[in-house]
Amino acid sequence: MSTSPTNGPDRDKPYLQFENVSKSFGTKHVLRDVSWSVKSGETMCILGRSGVGKSVSLHNIMGFLKPDSGRIHVAYEDITDYGEKDMERIRKKVTMVFQSGALFDSLTVGENVAFPLRERGGLEEAQIFQIVDGLLEMVGVGHMRDLLPAELSTGMRRSVAIARALSAEPECILYDEPTTMVDPMMAHLLGDLIQKLKYQLKLTSVVVTHDMSLAKKLADKLIFLYEGAVVFYGTPKEMEQSKVEIVQEFLELDSTDFSTFGTTDLRRHAPGDIG
Ligand SMILES: Nc1ncnc2c1ncn2[C@@H]1O[C@H](COP(=O)(O)OP(=O)(O)OP(=O)(O)O)[C@@H](O)[C@H]1O
């Protein structure tokens with residue numbers, strides 16, 4: 001673990017970092033020499049068309065997958081060679097909100113959000129109720145405490161999943177496609193919620209998305225993956241000036257039809273472009 005002279009984490013260092021990370025499945029090279037970093041309190045968006053390794057990147061951060069080469073730093077620690085025990089400790093600081101919400105089907109919304117609180121222990125029932133109500137209120141589903149996940153829409157389930165993630169008091173949240181498969185109004189609300197958590201709770205976050213308007217709203221930094229490699233890494237402002245064709249196509253289409261991508265000349269670069 002990297003430490004400062006006072007033996008705590010060095011806060012000037014990135015909170016999350018990929019250093020030359022590569023990952024293949026058989027002969028399929030999913031991540032190729034990928035490098036980026038995120039400081040505490042920053043939000044990074046990972047963009048790219050389907051299958052370029054966005055979710056695989058998140059799974060590497062969580063330690064569900066291990067890179068073939070390169071180093072991964074999470075919560076100021078080099079987790080590359082960590083086993084399950086160390087990763088459980090890291091996952092208390094860094095949590096992931098899955099597209100599905102991954103809620104427990106047989107538990108009510110309130111019980112789902114209470115779950116990490118009960119696991120942690122040390123709280124009275126009345127305190128748990130109060131925290132759960134506060135979190136559900138915060139994510140805009142305060143009136144749904146006694147419903148089962150099956151009774152909720154996809155977007156509502158995701159809001160509850162965010163409340164459950166927050167109940168573990170994480171330092172960092174990873175969002176996998178938070179606005180996919182919901183209507184534009186719900187997408188807007190989820191985007192606002194993630195933005196609120198960024199500013200009010202100062203959470204570090206990584207957002208995997210196809211949704212360019214969401215990325216522009218949230219990101220301090222963006223990376224574009226194309227065939228597993230980073231073809232752009234920079235700020236939203238630098239992205240606007242990027243000459244990388246796939247970046248321009250994303251900017252123009254704003255997240256709709258990706259079927260026409262694939263004829264991109266990645267050699268034309270601008271500030272922030274990689275290569
Ligand atoms: N555990 C695994 N075993 C084998 N192949 C995998 C595994 N996980 C991911 N892949 C493959 O890696 C590639 C990248 O997957 P990934 O889920 O990261 O894509 P993505 O960029 O998130 O795409 P989408 O936007 O469609 O979710 C895909 O071809 C996928 O089939």
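This is a predicted model: local features need pLDDT of at least 70, side-chain atom pairs count only at pLDDT 80 or more; totals for chains, interfaces and linings use all residues.
The chain is divided into two domains. Domain 1 is made of two stretches of sequence, 1–93 and 172–275, while domain 2 covers 104–169. Where the domains touch, 9 residues of domain 1 are in contact with 9 residues of domain 2. On the domain 1 side, helix α6 (residues 184–200) gives the most residues, with 4. The residues of this side of domain 1 are 8 nonpolar and 1 charged, with no polar residue among them.

An open sheet is formed by 4 strands, in the order β2-β1-β4-β5, and the pairing is antiparallel. Strands β2 (28–38) and β5 (77–78) lie at the edges, each pairing on one side only. Strands of a sheet pair through backbone hydrogen bonds, either parallel or antiparallel. Between strand β1 (residues 16–25) and β2, the antiparallel pairing extends over 7 bridges. Helix α1 (residues 54–61) lies across β1, β2 and β4 (69–74). The direction of helix α1 is at about 120° to that of β1.

The largest nonpolar core has 74 residues. Within this core, the residues that touch the most other members are M44, C45, L136, V206, L222, I223 and F224. Helix α5 (residues 154–167) gives the most to the core, with 7 residues. The core lies between domain 1 and domain 2, because both domains give residues to it.

F224 is one of the core residues that touch the most other members. Apart from neighbours within four places in sequence, F224 is in contact with L47, G48, V230, V231, F232, V244, I246 and V247.

Strand β9 (residues 221–226) pairs with β10 in the antiparallel sense over 5 bridges. Strand β10 (residues 229–234) is mostly covered, with 5 of its 6 residues buried. Y226 has A229, in β10, as its bridge partner. The hairpin of β9 and β10 has 2 residues between the strands. In this hairpin, E227 takes a positive phi near 50°.

Technical notes
Residues are numbered from 1 along each chain as its sequence is written. Domain bounds come from an automatic or database domain assignment. Two residues are in contact if their C-beta atoms, placed from the backbone, lie within 7 Å. Ala, Val, Leu, Ile, Met, Phe, Trp, Tyr, Cys and Pro count as nonpolar, Asp, Glu, Lys and Arg as charged, and the others, Gly among them, as polar. Two strands pair if DSSP finds at least two bridges between them. Axes are lines fitted to C-alpha atoms, for helices over the stretch in contact, and angles run from 0 to 180 degrees between N-to-C directions. A nonpolar core is a set of buried Ala, Val, Leu, Ile, Met, Phe, Trp, Tyr and Cys residues joined through C-beta atoms within 7 Å. A residue is buried if 20 or more other C-beta atoms lie within 10 Å of its own, exposed if 12 or fewer, and partly exposed in between; C-beta atoms are placed from the backbone.
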